[in-house]
Amino acid sequence: MQSLKLKGKVAIITGASSGIGQEAARLFAAAGARLVLTARREAELQALAADIQAQGGEALAIAGDIRDEALAQELVQAATARFGGLDIAFNNAGMTGQACSLPDMPLAEWQQVLDTNLTSAFLGARHQIPALLARGGGSLIFTSSFVGHTAGLPGMGAYAAAKAGLVGLTQVIAAEFGARGIRANALLPGGTDTPMGRASTPTPQARAYVEGLHALRRLAQPEEIARAALFLASDDASFVTGTALLVDGGVSISRP
Ligand SMILES: NC(=O)c1ccc[n+]([C@@H]2O[C@H](COP(=O)([O-])OP(=O)(O)OC[C@H]3O[C@@H](n4cnc5c(N)ncnc54)[C@H](OP(=O)(O)O)[C@@H]3O)[C@@H](O)[C@H]2O)c1
């Protein structure tokens, strides 16, 4: 039986309509958390929330664009109004953007990737931190990537810059608010079998190539990443803060 590691906790999960965020929503709910879920696709979010409720959990779905500060504010307000406060935010929504060599990258493309992966995290955190402080602390998790930390993949300059930026943001939040009970950590998945991971490996050859980059010679299942998010969210990680936690199947140390 799943132990209730998040019993009584309230969590926001972004990017919950798909992949890692969707699996995290299921795991967090099974661990006892009450959830505020967000992404742009409302039907997927509502279906997930209904599924969680059918399993005896509590989840509220609020559709919106993570680049919109009004959404960041609404998520925190909803957590407070509906569930009485906020303890955890898994800031996980992201996109890779089009692979593009830097000299050819349109500024609009750069901006979109930075806004979606990095500025969204800043906007989220600035509304989440006061709510966590009001509860005496909590856990912030930001989904970064091995890309931009231990690997520089050609054509992914904007994505790498955004994901590396999240590690810096995490460190500052951890240092600035640790004394007041907030832990902040970055989670760095390796290649993961989600719609994003599959879009990055569209042919069997591309899939085999990317799998071969990992010491474990495969991609992660989204639940394997979500379990690490659950660890960082829970008191199991009570002395873990400011870290960049690689959950990457050894892609960073493998030299195939
Ligand atoms: N898959 C991998 O190989 C891999 C590796 C390392 C890191 N990551 C990171 O892991 C995180 C989750 O990715 P995933 O693999 O689970 O991919 P995914 O299945 O494509 O999920 C991405 C999620 O982000 C949401 N999202 C994207 N842009 C958004 C926007 N502008 N506003 C609101 N929500 C938005 C999507 O929802 P909507 O489309 O409904 O808005 C979706 O729920 C991302 O930050 C990604 O960069 C993934």
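Is Ala134 buried or exposed? Ala134 is exposed, with a relative accessible area of 69%; exposed means over 50%, buried under 20%, and partly exposed in between, using a 1.4 Å probe and protein chains only. Ala134 is found in helix H4, where helices are DSSP runs of H or I with at least four residues, numbered from the N terminus.

The model is predicted: local features need pLDDT of at least 70, side-chain atom pairs count only at pLDDT 80 or more, and totals for chains, interfaces and linings use all residues. Residues are numbered from 1 along each chain as its sequence is written, and side-chain values use heavy atoms, with hydrogens and water left out.

Helix H4 covers residues 107-134 and also holds Trp110. Trp110 is partly exposed, at 31% relative accessible area.

A salt bridge is a side-chain nitrogen of Lys or Arg within 4 Å of a carboxyl oxygen of Asp or Glu. Because Glu69 lies in helix H3 (residues 69-83) and Arg126 in H4, the pair ties together parts that are 57 residues apart in sequence. Both partners are partly exposed, Arg126 at 44% and Glu69 at 27%.

In the whole structure there are ten salt bridges. One of them joins Glu211 and Arg207 (2.9 Å, N to O). These two residues are four apart in helix H7 (residues 204-213), so about one helical turn separates them. Salt bridges that share partners link Asp193, Arg198, Arg207 and Glu211 into one network.

The ligand is the next place to look. Its shell has 30 residues, of which Ser17, Ser18, Arg40, Tyr159 and Thr194 come nearest; a residue is near if one of its heavy atoms lies within 4 Å. The shell divides into nine nonpolar, 16 polar and five charged residues. Helix H6 gives the most to the shell, with three residues.

An N or O atom in the side chain of Thr194 is 2.6 Å from an oxygen atom of the ligand. A polar side-chain atom of Arg41 lies 2.8 Å from a ligand oxygen, and a backbone N or O atom of Ile66 lies 2.9 Å from a ligand nitrogen. Taken alone the ligand exposes 880 Å², and the protein buries 93% of that; such areas come from the Shrake-Rupley method with a 1.4 Å probe.

Conventions: A polar contact is a pair of N or O atoms within 3.5 Å; within protein, one must be able to donate a hydrogen and the other to accept it, and residues adjacent in sequence count only if both atoms are side-chain atoms. Ala, Val, Leu, Ile, Met, Phe, Trp, Tyr, Cys and Pro count as nonpolar, Asp, Glu, Lys and Arg as charged, and the others, Gly among them, as polar.
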